[in-house]
Amino acid sequence: MAASKVAFLFVPGSWCPGYYFHKVSSKLEAQGYTAISVNLPSVGRKDLIPGLEDDAAHVRSEATAFLDAGKDVVIVGNSYGGFVTLEACKGLPRKLDDASKEGSGILKHIVTINSPLAQKGQSMQDLVGDQAPIPKDSTDPWIEPVPGELGYRVLFGSLNEEEGMKYAGMVQAQCIKPLLEPLTFVGYEEVGCTAVISGKDLAFKKEKQFELFEKAAQRAKAMRKVVLEEGDHVPMLGFPDDIVRVCLEVAAL
């Protein structure tokens with residue numbers, strides 16, 4: 001498929017900015033693809049308390065703009081961003097014969113990167129609570145990120161310290177609400193999905209990811225697994241070429 005026909009939409013994880021995809025998006029743009037990243041409403045303290053549907057609606061709106069412009073869309077979500085992606089697929093045209101209007105695009109594929117492949121009714125807390133407990137009874141609706149060097153080591157420890165600390169300084173508070181809310185739509189049951197799993201993920205262990213992948217694959221429309229043996233939790237920064245390769249593979253499907 002011609003590069004100009006495909007648009008990539010990147011969705012970051014909890015606490016994280018869309019900028020974490022900048023290495024990947026710049027490489028794809030250099031090859032003629034459209035590629036943008038979103039910042040989720042639930043990241044960064046504000047007066048409103050956004051939920052899962054607020055995050056999903058934001059992603060869905062960006063995807064719809066591409067679809068209406070005739071682009072075929074690939075949504076790529078990292079960590080919680082992959083969870084949001086599953087929900088955001090609700091209502092998006094997924095086949096050539098169900099596009100909303102003549103000349104519109106389709107939702108071509110979704111890619112999850114170190115993300116819990118949830119089933120309907122499950123929340124982020126249900127799936128990662130044993131590895132990253134989420135406070136349910138806190139009087140503060142926001143969780144501050146893991147600070148400084150610890151955050152760097154957990155999220156993108158493959159980077160050198162100077163670069164890792166630079167990116168670690170970009171994290172912001174995460175709203176608790178969407179992490180406790182259940183998934184109401186499962187995107188991988190409707191559209192092809194590629195799950196990228198990092199072998200050295202310290203935030204979400206590969207063994208748990210493999211377990212969830214096997215369960216999801218039983219219900220998926222079409223699902224495949226790509227393992228980055230040396231990858232960390234946010235491999236878009238340390239291993240951008242590997243993520244670009246996956247994106248180009250799904251664009252060609």
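## Ground rules

Local features need pLDDT of at least 70 in this predicted model and side-chain atom pairs count only at pLDDT 80 or more, while totals for chains, interfaces and linings use all residues. Residues are numbered from 1 along each chain as its sequence is written, and side-chain values use heavy atoms, with hydrogens and water left out.

Helices (H or I, at least four residues) and strands (E, at least two) are DSSP runs, numbered from the N terminus.

## Two helix pairs

Two packed helices are described by the angle between their axes and the distance between the axes. Here the axes are lines fitted to C-alpha atoms, for helices over the stretch in contact, with angles running from 0 to 180 degrees between N-to-C directions. As for the labels, under 35 degrees is roughly parallel, over 145 roughly antiparallel, 65 to 115 roughly perpendicular, and the rest oblique.

Take helix α5 (residues 148-156) and helix α6 (residues 161-168): their axes come within 9 Å and cross at roughly 100°. The two are therefore roughly perpendicular to each other. On the α5 side, the contact (heavy atoms within 4.5 Å) uses G148, E149, Y152, R153 and F156, and α6 brings E161, G164, M165, Y167 and A168. By type, the residues of this α5 and α6 contact split into 5 nonpolar, 2 polar and 3 charged. In that scheme Ala, Val, Leu, Ile, Met, Phe, Trp, Tyr, Cys and Pro are nonpolar, Asp, Glu, Lys and Arg are charged, and the others, Gly among them, are polar.

Then there's helix α2 (residues 52-68) against helix α3 (residues 80-88), with axes 8 Å apart and an angle of about 75°. That makes α2 roughly perpendicular to α3. Helix α2 contributes L52, E53, D55, A56, V59 and R60 to the contact, and α3 answers with Y80, F83, V84, E87 and A88. The tally for α2 with α3 is 7 nonpolar, no polar and 4 charged.

## What α1 buries

Helix α1 (residues 22-29) has K23, V24, S25 and L28 buried, where buried means under 20% relative accessible area, exposed over 50%, and partly exposed in between (1.4 Å probe, protein chains only). Those buried α1 residues pack against β1 (6-11), β2 (34-37), α6, α9 (235-238) and α10 (240-251).

## Q174, a buried polar side chain

Q174 sits in strand β6 (residues 174-175) and has a relative accessible area of 0%, so it is buried. What does the side chain of Q174 make a polar contact with? The partner is the side chain of S42, at 3.0 Å. A polar contact is a pair of N or O atoms within 3.5 Å; within protein, one must be able to donate a hydrogen and the other to accept it, and residues adjacent in sequence count only if both atoms are side-chain atoms.

Leaving aside neighbours within four places in sequence, Q174 is in contact with S14, W15, S42, V43, Y80, P141, W142, I143 and L179.

How many disulfides does a search of the whole structure find? The count is 0, with a disulfide defined as a pair of cysteine sulfur atoms within 2.5 Å. For C193, the closest cysteine sulfur is in C89, 8.6 Å away and too far for a bond. The closest one to the sulfur of C247 is in C193, at 13 Å, again too far for a bond. C193 counts as buried at 1% relative accessibility, and C247 counts as buried at 1% as well.

## Positive phi in two loops

Most residues other than glycine have a negative phi, and most peptide bonds are trans. W15, not a glycine, has a positive phi of about 70°. This residue lies in the loop between β1 and α1 and counts as partly exposed at 26% relative accessibility.

S79 also has a positive phi, near 55°. S79 lies in the loop between β3 (72-78) and α3, and at 13% relative accessibility S79 counts as buried.

D126, in helix α4 (residues 124-128), has its C-alpha 8.0 Å from that of L180, 54 residues apart along the chain. The D126 side chain also reaches the backbone nitrogen of S123 at 2.9 Å.

Q119 is in the loop between β4 (107-113) and α4 and is partly exposed at 21%. Q119 and V186 are 67 residues apart in sequence but 6.4 Å apart in space, C-alpha to C-alpha. Not counting residues up to four places away in sequence, Q119 touches L183, V186, Y188, K215 and R219.
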